[in-house]
There are 4 protein chains.
Amino acid sequence: MPKTAVLLIDCPDRKGLVAAIANFLVQQYDANILNADQHQDVELGLFFMRIEFATDDTLCDESHFHAAFAPLAERFKMNWRLTFATPPQNVAIFVSHYLHCLADLLHRHQTGELSCNLALIISNHEAARPLADFHKIPFHYLPLTAANKTQVEEQQLALLSANSIDMVVLARYMQVLSAEFVRAYPQRIINVHHSFLPAFTGARPYHAAFARGVKLIGATSHYVTEILDEGPIIEQDVTRVSQNDQLPDLIQKGRDLERLVLSRAVRWHLNYRILSYANKTVIFA
Amino acid sequence: MPKTAVLLIDCPDRKGLVAAIANFLVQQYDANILNADQHQDVELGLFFMRIEFATDDTLCDESHFHAAFAPLAERFKMNWRLTFATPPQNVAIFVSHYLHCLADLLHRHQTGELSCNLALIISNHEAARPLADFHKIPFHYLPLTAANKTQVEEQQLALLSANSIDMVVLARYMQVLSAEFVRAYPQRIINVHHSFLPAFTGARPYHAAFARGVKLIGATSHYVTEILDEGPIIEQDVTRVSQNDQLPDLIQKGRDLERLVLSRAVRWHLNYRILSYANKTVIFA
Amino acid sequence: MPKTAVLLIDCPDRKGLVAAIANFLVQQYDANILNADQHQDVELGLFFMRIEFATDDTLCDESHFHAAFAPLAERFKMNWRLTFATPPQNVAIFVSHYLHCLADLLHRHQTGELSCNLALIISNHEAARPLADFHKIPFHYLPLTAANKTQVEEQQLALLSANSIDMVVLARYMQVLSAEFVRAYPQRIINVHHSFLPAFTGARPYHAAFARGVKLIGATSHYVTEILDEGPIIEQDVTRVSQNDQLPDLIQKGRDLERLVLSRAVRWHLNYRILSYANKTVIFA
Amino acid sequence: MPKTAVLLIDCPDRKGLVAAIANFLVQQYDANILNADQHQDVELGLFFMRIEFATDDTLCDESHFHAAFAPLAERFKMNWRLTFATPPQNVAIFVSHYLHCLADLLHRHQTGELSCNLALIISNHEAARPLADFHKIPFHYLPLTAANKTQVEEQQLALLSANSIDMVVLARYMQVLSAEFVRAYPQRIINVHHSFLPAFTGARPYHAAFARGVKLIGATSHYVTEILDEGPIIEQDVTRVSQNDQLPDLIQKGRDLERLVLSRAVRWHLNYRILSYANKTVIFA
């Protein structure tokens with residue numbers, strides 16, 4: 001049975017790139033290209049590529065590929081990453097007391113939509129424990145106060161490290177992560193913000209949307225960076241509201257959006273379909 | 001043939017309001033209610049109503065209604081407005097050099113979607129003249145500079161006045177109206193802004209949206225108030241964009257949104273379907 | 001504390017209807033109208049109304065209202081129904097082996113989005129039992145074969161009857177109900193069909209949509225009638241697909257639509273927001 | 001200044017395809033790949049590719065490319081087509097008495113959204129003449145009866161031939177083309193049908209949608225084949241309707257959809273972004 005892998009590349013756009021990459025895969029590993037997507041940013045002169053390939057060549061592992069691909073990567077000044085389909089990524093979910101995104105992710109995982117190992121759930125509330133237990137995911141209750149935040153983050157980071165966590169999902173986790181925490185998982189923490197960013201950043205976006213009288217409300221999933229609500233946007237969606245929708249209706253309708261944009265972002269990330277640059281994302285979906 | 005009229009009311013919410021209004025129309029004018037919509041703002045304790053009715057009573061004209069309805073209006077502390085279906089409203093369109101919204105409004109008017117008298121088009125460019133001529137709408141070219149702005153606005157206001165204009169549509173008019181101008185037509189100037197407000201206020205919103213890397217772009221129609229881009233929102237819509245969409249693609253996709261949200265707003269306004277309060281709108285569509 | 005109730009009316013459209021109904025509620029029960037919506041079908045000459053009102057009048061119960069309202073109802077030839085907010089309706093969910101709609105409804109119920117008593121879950125598979133147990137809803141496993149269908153339906157009806165079920169939700173229940181069953185719960189059985197009806201009726205709609213190469217897939221919730229997939233449509237929604245979406249992707253994207261359209265239909269039904277006539281629905285949402 | 005061209009390919013999926021094609025372009029013409037998109041139909045084992053490239057090689061014209069590419073094309077059993085950006089395609093628009101799609105296409109052409117030569121407009125009514133004159137497009141009035149249909153189609157085909165027409169757009173042309181006509185322009189006639197196909201094929205789809213009580217109405221653009229409304233779907237869109245929308249409202253809302261789906265299809269076709277197979281389309285947009 002062949003191995004499958006995903007190769008992600010970004011580099012300055014140059015003639016002959018596609019041919020060079022395709023030739024390498026065919027000649028080196030007799031690879032079968034299962035999917036290939038590319039994107040050019042004409043203005044910035046950048047090239048992005050995602051190639052999913054299969055190979056029967058048993059030599060093809062991380063270190064062999066690294067050595068074999070290095071000359072080409074150097075010639076074209078590539079940033080690149082190769083990931084094999086197995087083993088699946090280890091994922092941690094952070095949640096507070098709103099459970100709709102968590103429940104949704106757990107159900108999708110069970111259905112097979114999210115191919116990953118849900119390794120642990122961390123919360124500053126006990127509310128999610130029954131759901132975690134039902135799905136047999138280890139649950140860690142780490143209550144947070146202004147006083148113990150640094151200490152709790154150390155505990156959280158220790159748990160992530162002990163579980164070899166590849167990706168953190170903030171499923172309506174109502175705490176701001178420190179810059180140190182964020183730097184430990186660059187482009188690997190996904191948050192859902194309950195507004196159509198950049199409108200209504202910060203706290204209580206549904207209240208702000210209601211006050212402004214918008215006719216559509218939105219939700220946004222994005223990579224977390226050190227600047228709150230300013231990371232690269234991965235996905236957004238909106239739904240219509242009217243005068244018949246009071247604040248609780250906005251919150252209810254918004255929950256559906258949050259579930260959709262967060263779960264799509266997580267799935268794309270898990271399938272290596274997101275490239276990020278210039279505080280934007282390229283989605284190969 | 002019966003007259004038809006629209007009665008718009010807003011007032012504090014009180015018991016017996018609907019019965020009192022309905023009774024008045026039936027008993028006073030033997031009215032046939034063609035459409036009735038109401039809305040309650042529970043938080044603010046406000047009541048809004050739109051009633052479209054027909055009557056054969058020849059007595060029913062503006063002054064008679066005013067006198068007859070006054071006691072009831074006073075008792076319930078109503079703001080109200082009665083408008084007969086005929087004559088249609090007089091409309092002026094302001095436009096600069098982007099003509100897509102103007103062309104769209106003119107075509108819709110021709111098709112019968114907009115029941116009004118398109119009385120004149122005012123522009124600071126000559127670009128729209130052929131289109132105005134084709135549709136036989138008087139066209140006024142009033143070039144604008146920083147130096148002559150006050151003077152040109154006086155000319156504009158004189159034209160509006162001379163044509164008994166009821167409503168002004170800013171169809172991508174790239175000039176900011178003075179506070180004096182806006183105050184002359186309260187809730188009667190509709191603008192289209194090419195972003196999903198309150199995101200990307202001000203100039204060059206597509207550039208800003210492109211720089212931020214949003215996954216949906218939007219457009220907003222709103223009443224113009226003295227504060228730029230802050231008036232009551234009437235309609236919004238969005239469309240999906242991806243990394244394949246460069247700035248010119250955003251602008252092109254946005255044009256379709258601008259046409260849609262502006263034309264809906266104009267039609268609703270012409271049909272007296274919009275009530276505005278607390279810098280929001282109630283749409284009875 | 002006042003009682004609240006919803007009054008649903010449909011009747012031939014006549015002058016004075018609104019005034020008569022509003023007067024009755026005010027004069028008879030000193031009612032406070034919390035919400036009122038009406039709709040006229042001009043072509044068929046029909047009038048529809050939903051009034052939600054509160055009253056402190058302890059006399060106001062079902063039998064008193066029935067007697068008091070009868071003369072008015074007769075005069076205007078009304079079909080009408082009065083329902084008090086309490087007690088909540090008893091709901092039964094039927095499900096087979098796809099659990100996404102069930103999981104979604106259970107989570108929404110827990111969140112407070114669906115105000116009802118989830119009295120029982122009936123399934124021809126064991127798959128849903130753990131979920132039912134987690135949410136502490138009685139679960140009944142009634143396996144079905146071609147041979148025992150009549151007998152099983154009798155057991156199902158007996159369970160519904162024993163639990164005073166008001167409403168049945170078919171949450172991807174993969175069996176066709178008999179005409180007798182349907183007749184026992186007219187306008188009280190809601191199904192979700194995984195296509196944009198009337199396109200792709202019958203079995204395997206995602207396969208049919210994939211084969212036809214549509215660019216949007218949909219889902220539809222509707223009242224069940226004796227003719228399969230032909231009952232009054234309550235809600236529909238669609239999502240975009242492309243050549244990148246293979247059949248499993250359509251099925252996955254469709255699950256999100258099914259959840260949305262089914263849960264909206266159930267919520268509207270529970271809040272007495274749906275009137276049905278001429279095989280269509282009027283939604284007062 | 002370099003020439004740009006688009007190469008469209010479909011063939012059985014095989015190892016080494018991408019490398020072979022990319023190598024050919026680079027080695028033969030020192031081509032700069034501006035855009036490349038590919039798609040695999042896993043089930044059918046098919047491969048589709050669109051490559052837009054620029055070259056300074058003056059040798060690169062149609063006949064040279066044909067000879068040079070032939071061995072590769074043969075080896076991989078390719079269907080392929082090369083088109084240079086200039087000259088633009090010649091387009092004919094057919095229209096009857098509803099002018100909204102025509103007006104929209106003409107405005108988009110003027111704005112630069114559609115890069116083509118609008119060579120002529122053919123109609124069985126005089127209604128479109130003023131619009132054609134305003135845009136200075138030759139207009140041909142060819143009235144149609146049951147008796148003269150064959151003869152008129154001959155006239156139409158003669159006009160198309162005399163103008164070297166590459167593509168025909170049916171912009172609400174209310175006549176069914178004969179099989180002979182369709183066969184003369186395979187995958188080169190685009191129609192707009194005013195429903196969400198395959199729902200409501202045939203005449204009066206808005207009437208049918210209204211009667212069925214759907215909650216969304218749609219429009220579809222597709223290539224015309226010999227079987228009415230059954231050709232490969234290019235684009236679809238929908239909009240929400242409610243009980244407040246009577247038949248004229250459906251027709252009005254539908255006009256906006258028709259404009260959008262037809263203009264997108266025409267633009268994609270003009271930019272060689274559509275590949276068609278198995279009665280479906282692959283859109284490289």
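1. Across the interface of chain B and chain C there are two salt bridges, a salt bridge being a side-chain nitrogen of Lys or Arg within 4 Å of a carboxyl oxygen of Asp or Glu. In one of them, the side chain of Asp30(B) meets that of Lys15(C), at 3.0 Å from N to O. Seven residue pairs, both at pLDDT 80 or more, are in polar contact between chain B and chain C. Polar contact here means a pair of N or O atoms within 3.5 Å; within protein, one must be able to donate a hydrogen and the other to accept it, and residues adjacent in sequence count only if both atoms are side-chain atoms.

2. The model is predicted: local features need pLDDT of at least 70, side-chain atom pairs count only at pLDDT 80 or more, and totals for chains, interfaces and linings use all residues. Residues are numbered from 1 along each chain as its sequence is written, chains are lettered from A and ligands numbered from 1 in the order in which they are written, and side-chain values use heavy atoms, with hydrogens and water left out.

3. Chain B and chain C each give 16 residues to the contact (heavy atoms within 4.5 Å). The area buried between chain B and chain C is about 1,400 Å², with 49% from carbon and sulfur atoms; buried area is the accessible area (1.4 Å probe) that two parts lose on being put together, summed over both. On the side of chain B, Lys15(B), Gln38(B) and Gln40(B) lose the most area to chain C, together 33% of what that side buries.

4. How is chain B superposed on chain C? A rotation of 180° with 0.0 Å of shift along its axis does this, with an RMSD of 0.0 Å, by least squares on the C-alpha atoms of residues with pLDDT of at least 70 in both. This is the relation of a two-fold axis. The C-alpha of Ala19(B) is the nearest in chain B to the axis, at 2.5 Å.

5. In chain A, 14 residues of domain 1 are in contact with seven residues of domain 2. About 900 Å² is buried between domain 1 and domain 2 of chain A, 64% of it from carbon and sulfur atoms. Zero salt bridges are found across this interface of chain A.
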